[in-house]
Amino acid sequence: MELVEESQASAALRALPSVDEVLRSEAADEWLAHLPRNRVADLVRDAIAELRVQVLSGLPAWEITPLDEVKAHVDRTVRLLRRNSLRPVINASGVILHTNLGRAPLSSLAIQAVIETSGKYTNLEYDLGTGARGKRDMHCGRLLENLLGAPAIVVNNNAAAIFLALHELARDGEVIVSRGELVEIGDGFRIPDILEASGATLREVGATNRTRAEDYRRAIGPETKALLRIHPSNFRQIGFTGKPSLVELVELARSKSIPLIEDLGSGCLVDLNQEGIEDEPPVRESLDAGAGIVTFSGDKLLGGPQAGIIAGDSGLVARIRRNPLFRALRVDKLTLAALEATLRSYLADREDEIPALGLMRVPASHINSRAKRLARRLAMLRVPDIEVVASESLLGGGSTPMHSLPSTAVAITPPEGMTAQGLEVKLRSDDPAVVARIEKNRLLLDLRTVFETEEDALLAAVVRAMGQSG
Ligand SMILES: *Cc1c(COP(=O)(O)O)cnc(C)c1O
């Protein structure tokens, strides 16, 4: 028995083509049109080696010839290598700041700034006035100071911002933080892990649901370097809860001559009360109340590129700026270009130019008419079982989990022999990929997060997924 298997395996091994044989095939011409010969030869060699492993582990049940099997293998790899892995997707999920979908889409002004500066030399660290070395901080520094009323610096993201602030201000000491604020933000990112990596020791106070100023006061000792307040982000407690006001904590920190550091998470620069969003305090509010340092993200409610902003007391910000790790966490010219342009929209009071805020403010009635129009067009292309349904969009990015925005979705009931999951996979595998939501075995396309310029592509993708031409 074993002998038979062995001879079958060696026969299968003998049937594997040689590298030359594959390279002589017609399929190779197509690969060689895109990649140099030595790279293609490597891919062929890898494919043959992989098939050899399959043979030896008793796997091969090829339905095509070994040569075709190798060709198909190389074909797949060449296609993957030729195509950008990072590419645009149509966000029909209704989540505006979707972390998995790259959070905030940039404004056209920000994109323009990136285009203008990225292919050329810039004055990134060159002072055009004096002809001497300058600091990259100046490009956004002035705008931020203007908007926030306090000096600010920019690092890679908010995690880096809070890490750097603690590393400078509380390393080898204690930071007092409420137990109820030590949350996991998502994808295994736990605030306490970042905080402790800074070299500061966390001293947790209060109960999970309630913390009083007195709890902080009692915990302050000779080792205490700062008080820390963290925006609860995507986590909300309801019921019997409580925490001290910002002002109480500021006063306590002042009386002990230690700074209050506040991680605001989203970093909202405008008042969103009109949008019904009440638990995203504007950054200025914290600074005006006297927080020593605040940190926040550039790509959440601010609507810019991935970045972390550290703002506050000029002496403290200057200390953090001098920390050697600032160099390791600094941002590049593309980020600065996009952030500066985004901030300029705020300065001009033209926040609607910023897609994250613009999408949030699109009236529900407008989304509803767009959904109806899309449904009509789909019906005209004979896509069956289309319905227009009420939907709830979310801010996402850890902002205001309790608050949703009224929206409208096009709901598609999968045809016979297809499931909503199957339909979802088809749309997600298309180009451009469409990210949709499934609810009660129907596929929902929430139009709040679909740009009007994407509607034709969305329509075409749905028609393809439903297996119809048109
Ligand atoms: C999102 C968030 C962070 C992390 O911000 P990044 O910019 O993603 O690094 C930290 N703290 C809070 C409270 C947040 O909401």
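**Close-up views of a predicted model**

**Figure 1. Crossing of helix 6 and helix 15.** In this predicted model, the axes of helix 6 (residues 108-118) and helix 15 (residues 333-347) come within 8 Å of each other and cross at roughly 145°. The crossing of these two helices is right-handed. Helix 6 contributes Leu109, Ala110, Ala113, Val114, Thr117 and Ser118 to the contact, and these residues meet Lys333, Leu334, Ala337, Ala338, Ala341, Thr342 and Ser345 of helix 15. By class, the residues of this contact comprise eight nonpolar, four polar and one charged.

**Figure 2. The largest cavity and its lining.** One cavity of 30 Å³ or more is found when the whole structure is searched. The volume of the largest cavity is about 80 Å³. Its lining is formed by Arg136, Asp137, Cys140, Gly141, Leu144, Ala152, Ile153, Val154, Phe326, Arg330, Val331 and Leu336. Helix 7 (138-148) and strand 5 (152-155) are the elements that give two or more residues to this lining. Eight of the lining residues are nonpolar, one is polar and three are charged.

**Figure 3. Domains of the protein chain.** The domain assignment places residues 2-82 in domain 1, residues 89-98 together with 360-466 in domain 2, and residues 107-353 in domain 3. Between the C-alpha centres of domain 1 and domain 2 there is a distance of 41 Å.

**Figure 4. The cis peptide bond at Pro432.** The bond that joins Asp431 to Pro432 is cis, and its omega is near 0°. Pro432 belongs to the loop that runs between helix 18 (420-429) and strand 16 (433-435).

**Figure 5. The backbone at Asp172.** Asp172 is a residue other than glycine with a positive phi, near 65°. Its place is in the loop between helix 8 (158-169) and strand 6 (174-178). In general, a negative phi is found in most residues other than glycine.

How values were computed. Residues are numbered from 1 along each chain as its sequence is written. This is a predicted model: local features need pLDDT of at least 70, side-chain atom pairs count only at pLDDT 80 or more; totals for chains, interfaces and linings use all residues. Side-chain values use heavy atoms; hydrogens and water are left out. Axes are lines fitted to C-alpha atoms, for helices over the stretch in contact, and angles run from 0 to 180 degrees between N-to-C directions. Helices (H or I, at least four residues) and strands (E, at least two) are DSSP runs, numbered from the N terminus. A crossing is left-handed if the near helix is turned anticlockwise from the far one by less than a right angle, and right-handed if clockwise. Contact means heavy atoms within 4.5 Å. Ala, Val, Leu, Ile, Met, Phe, Trp, Tyr, Cys and Pro count as nonpolar, Asp, Glu, Lys and Arg as charged, and the others, Gly among them, as polar. On a 1 Å grid over the protein atoms alone, a cavity is a set of points where a 1.4 Å probe fits but cannot get out, and a pocket is an open set with protein on both sides within 12 Å along at least five of seven lines; lining residues have an atom within 4 Å of a point. Grid points are joined across faces, edges and corners, and a volume is the space filled by probe spheres set on the points. Domain bounds come from an automatic or database domain assignment.
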